[in-house]
Amino acid sequence: MSGELRLAGYAKAEAERIVTTLFDWLRIPSISSHPERAPDVRASAEFCARLLTEAGLENVTLIEPPVAASGGDHPGPAVYGDWLHAGPEAATVVVYGHHDVQPVDPLELWTSPPFSPVIVDGECRARGAVDDKGQVLYEIEAARGLLAANGALPVNLKFIIEGEEEIGSPHFEALLHQEAARLACDVVVVSDTGMIAPDVPSITVGMRGLVAFDVTLVTSTTDLHSGIFGGTVPNAARVAADLVAALHDAQERVTLPGFYDRVRDLSAAEQASMDAQPFDEAGFMAAAGVKALVGEAGFTAIERTSTRPTAEVVGLTGGYGGPGIKTIVPATANLKIALRLVPDQRPEEITAAFEAWVAAHLPPGVSATVVPEGGVAPALTPVDHPAMGALVRAIERVWGTAPLFTRSGGSGPEEALGRVLGAPVLFLGIALPDDRFHAPNERMVMSQFWKGLLAAGELLVELGG
Ligand SMILES: [Zn+2]
């Protein structure tokens, strides 16, 4: 099989250099959330820029995040590079990834130091091995291999490698707007996700959106004596509990009016793929540390965590929580609610529906302040999109079996990529569920890395065809 793959010979011949390169990059502790690591984040960006230049990309430069609008005193630079000689008829592809990493504590749980990469049992252990330096490196090496073999690429190619992903990409959308002309493209390839298992290749086709709210409830100017006032005045803690209880019905459906109106049915192909996904319920429950599963009636756990919208109570506080008892009627309470959205729900409509729902459920004499805490729209690339066909063929050729389609339950900057650049987003990701993202002993399974490199090359050829 691998003999027919365009980069098989390259990967074999260059393996030692590529692993050395990976190790050198992983030694740079580019933790974006630690201000004192800002020089390391910059060193990581410069390292990435050097890789792009050595690969044969041009116009390589660091792009400083446009921080002025929203503050931020230790910006992590993004890295850009391109190769634009495939001609105006050829597709233009943007590859997205990030070079910053998560913090490493608790340090004592690492079996080897997080910034001293090692390969043990076929896996590279280090912070950033799979999230995301390793996944960026196989994209760069795929471009380098094709350029080395042919002196040209089948597509016009642009890299944008972010330096602030692990702190929530605070300036990335502004950066996309600022650089929209330079990043103009026909398709985006995101290299920062995973697949179901080494022998069950899969493609993420969408991500959920997110809206969240901080709700403060006030019933009085002060906590009141329960013996004097109790039983006659509104109780803020009880109002909060009533709101929480009213948020779902007996089928565990969210009760906001119109909440499900725009939820798009799965296509037949996506539903078939969903039904074919293996699901280890006991393992899922063990990973979560729970003894029972709950959720919207009529849907599987996989659907509830990927293709269905949800509402979670993130926090519920109010009244007295100290030792013993205090005889009061609490005057204030707070709720934090987070809703995950799916195509084609719109954050602004759900926000308006939530605010109206809270107002409609308040008893007389109770006031509520609802503060929206950011919003991300859901994203989806249809499985029948021609670009998706190219990714399916690339993965099938490398893994020898057709990929399943999955959706990520999380939310991320990928939505902004597709929206601002006006292009379909493809997720080529080879991470495995056990790769310990953001946790001690993060790893990259090296057999997956090499397949990622091969698939990245096949995908560029497919997108150029
Ligand atoms: Zn990542």
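Let us begin with Leu153, which sits in the loop between α4 (133-150) and β6 (156-162); helices are DSSP runs of H or I with at least four residues, strands are runs of E with at least two, and both are numbered from the N terminus. This is a predicted model, in which local features need pLDDT of at least 70 and side-chain atom pairs count only at pLDDT 80 or more, while totals for chains, interfaces and linings use all residues. Residues are numbered from 1 along each chain as its sequence is written, and side-chain values use heavy atoms, with hydrogens and water left out.

With a relative accessible area of 6%, Leu153 counts as buried (buried is under 20%, exposed over 50%, partly exposed in between, using a 1.4 Å probe and protein chains only). Leaving aside neighbours within four places in sequence, Leu153 is in contact with Trp83, Ala86, Ala143, Leu146 and Leu147, where contact means heavy atoms within 4.5 Å. From Leu153 to Ala360 there are 207 residues in sequence and 59 Å in space, C-alpha to C-alpha.

Now turn to Gly298, in the loop between α8 and α9. Gly298 is exposed, because its relative accessible area is 75%. Gln251 is 47 residues from Gly298 in sequence and 8.7 Å from it in space, C-alpha to C-alpha.

His98 in strand β3 (residues 92-98) and Asp192 in the loop between β7 (187-190) and β8 (202-207) link distant parts of the chain, 94 residues apart. Both His98 and Asp192 are buried.

On a 1 Å grid over the protein atoms alone, a cavity is a set of points where a 1.4 Å probe fits but cannot get out, whereas a pocket is an open set with protein on both sides within 12 Å along at least five of seven lines; lining residues have an atom within 4 Å of a point. Grid points are joined across faces, edges and corners, and a volume is the space filled by probe spheres set on the points.

The largest pocket has a volume of about 1600 Å³. It is lined by 43 residues, of which Met195, Arg407, Ser408, Gly409 and Pro433 are the closest to its centre. The elements giving two or more residues to this lining are β8, α8 (281-288), α9 (301-304) and β16 (404-408).

The second largest pocket holds about 400 Å³. Of its 18 lining residues, Val294, Gly295, Arg304, Thr310 and Glu312 are the closest to the centre. Here α9 and β11 (310-318) each give two or more residues, and β11 gives the most, with three.

Three cavities of 30 Å³ or more turn up in a search of the whole structure. The largest cavity holds about 50 Å³, and among the residues that line it are His34, Arg37, His74 and Glu164. The second largest cavity, of about 40 Å³, has a lining that includes Glu162, Glu164, His171 and Phe172.
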